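I opened the notebook to record what I looked up in this structure.

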Amino acid sequence: MSTPFQYTPVDQAQNIASKQRLLAIMQALVNAPLAELNEVIRDGYHADAQVNVTHPINELIGLQAIAEQVWRPLRQALPDMERRDDIVAGGRYRDTVWIGSLGRYLGTFAQDLLGIPATQGVVTLRYAEGHELRDGKIATSYLFIDFLDLMRQAGYWPIAPILGREMAWLPPATHDGVILAPQDEIRSKRTIEMILAMHAALGYYNGQSPTRAVLDLMQMVQHWHPNFMWYGPAGIGTTRGLQGFEDFHQIPFLVAFPDRKGSEVGHFIRIGDGHYAVTGGWGYLQATHTGHDFLGMPPTGRRIKMRVMDFYRCTDETIVENWIPMDVPHILLQMGVDVFGRMRHQFRQHQPIR
């Protein structure tokens with residue numbers, strides 16, 4: 001039986017200090033000379049830190065793995081990399097300090113990354129992160145890096161055309177997502193409770209064919225602004241308003257996974273910080289792939305575990321913007337489609353025969 005969510009108040013000064021510390025760690029990882037990278041990693045991470053990264057990197061433990069499988073390849077691929085944070089929100093979840101951050105890396109794609117061919121031109125690599133801080137160092141991280149979108153920018157697309165609009169994620173319309181000022185505790189609590197109420201309404205779906213009438217029973221209209229922006233990952237795309245969200249994501253998703261269900265196992269962050277909220281789970285959402293058309297795939301009958309985060313900006317009444325980092329390559333892998341394997345095969349075929 002799941003434990004009901006309880007909002008944990010935060011010390012505002014400590015919350016701001018934790019966010020500033022996280023920003024300092026991440027900027028050092030991006031800006032320090034490569035020769036000093038190991039030292040920067042030792043300064044920013046606990047020796048036994050666990051870092052979970054979107055496929056094909058996946059779960060790592062320890063400083064050497066973090067250096068050699070995450071930061072050194074990124075730094076070498078984008079040697080002039082800069083980091084641009086659009087959202088940095090903090091709070092406590094299960095009596096632990098958590099920071100959620102979202103933004104993009106920008107730079108010249110000078111060296112192949114995970115087999116994605118370098119373009120020698122500018123690219124943006126969007127990221128979303130959840131970090132557990134303990135004693136001023138990162139103890140656990142969840143890094144959602146949209147490698148599929150980098151493939152797209154490199155001129156390679158391994159799956160069906162997307163239904164939403166493929167575009168760069170916009171920063172919050174209010175440009176106040178990097179929260180380094182004290183926030184009203186009542187407002188923060190109301191924000192995350194608003195989000196969890198919307199999540200609960202999603203559970204009203206009972207597996208019927210997702211017509212408009214059936215979706216209306218979920219009462220999503222009361223939770224969302226009429227012109228809300230929904231920024232989906234590569235493979236799904238961006239939508240606007242409830243109809244766009246239903247047409248280009250929710251209906252295909254419900255058709256494909258009518259029995260989808262979340263659990264407390266795998267949740268790692270649920271925080272409210274002023275008008276922003278962050279939630280996330282690593283394998284917490286599970287479903288059987290029995291319907292067609294999600295990501296252009298026919299039903300496989302396979303059981304799927306999903307890795308996903310949500311970043312929200314709210315007004316006092318509704319959700320206005322929602323950014324959805326999701327590990328799409330990992331979902332596809334469980335359906336039997338290895339997009340990285342397809343890419344390697346494709347580019348081998350394009351090599352001249354000697």
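**Whole chain**

I looked up the contacts (heavy atoms within 4.5 Å). Of those in the protein chain with a separation of 6 or more, 68% are between residues 24 or more positions apart.

I noted that this is a predicted model, where local features need pLDDT of at least 70, side-chain atom pairs count only at pLDDT 80 or more, and totals for chains, interfaces and linings use all residues. Residues are numbered from 1 along each chain as its sequence is written, and side-chain values use heavy atoms, with hydrogens and water left out.

I looked up burial next: 55% of the 354 residues in the protein chain are buried, meaning under 20% relative accessible area with a 1.4 Å probe, protein chains only.

I found nine helices and twelve strands in the protein chain; these are DSSP runs, helices being H or I of at least four residues and strands E of at least two, numbered from the N terminus.

**The six-strand sheet**

I traced an open sheet of six strands in the order β8-β7-β12-β11-β10-β9, with mixed pairing. Two strands pair if DSSP finds at least two bridges between them.

Why is one side of β8 and of β9 left without a neighbour in the sheet? β8 (238-240) and β9 (267-273) stand at the edges and each has a single partner strand, so one side of each lacks a neighbour there.

I followed β7 (residues 224-231) to β12 (residues 319-323): they pair in the parallel sense over four bridges. Y231 has W323 in β12 as its bridge partner.

Methods:
Buried means under 20% relative accessible area, exposed over 50%, partly exposed in between (1.4 Å probe, protein chains only).
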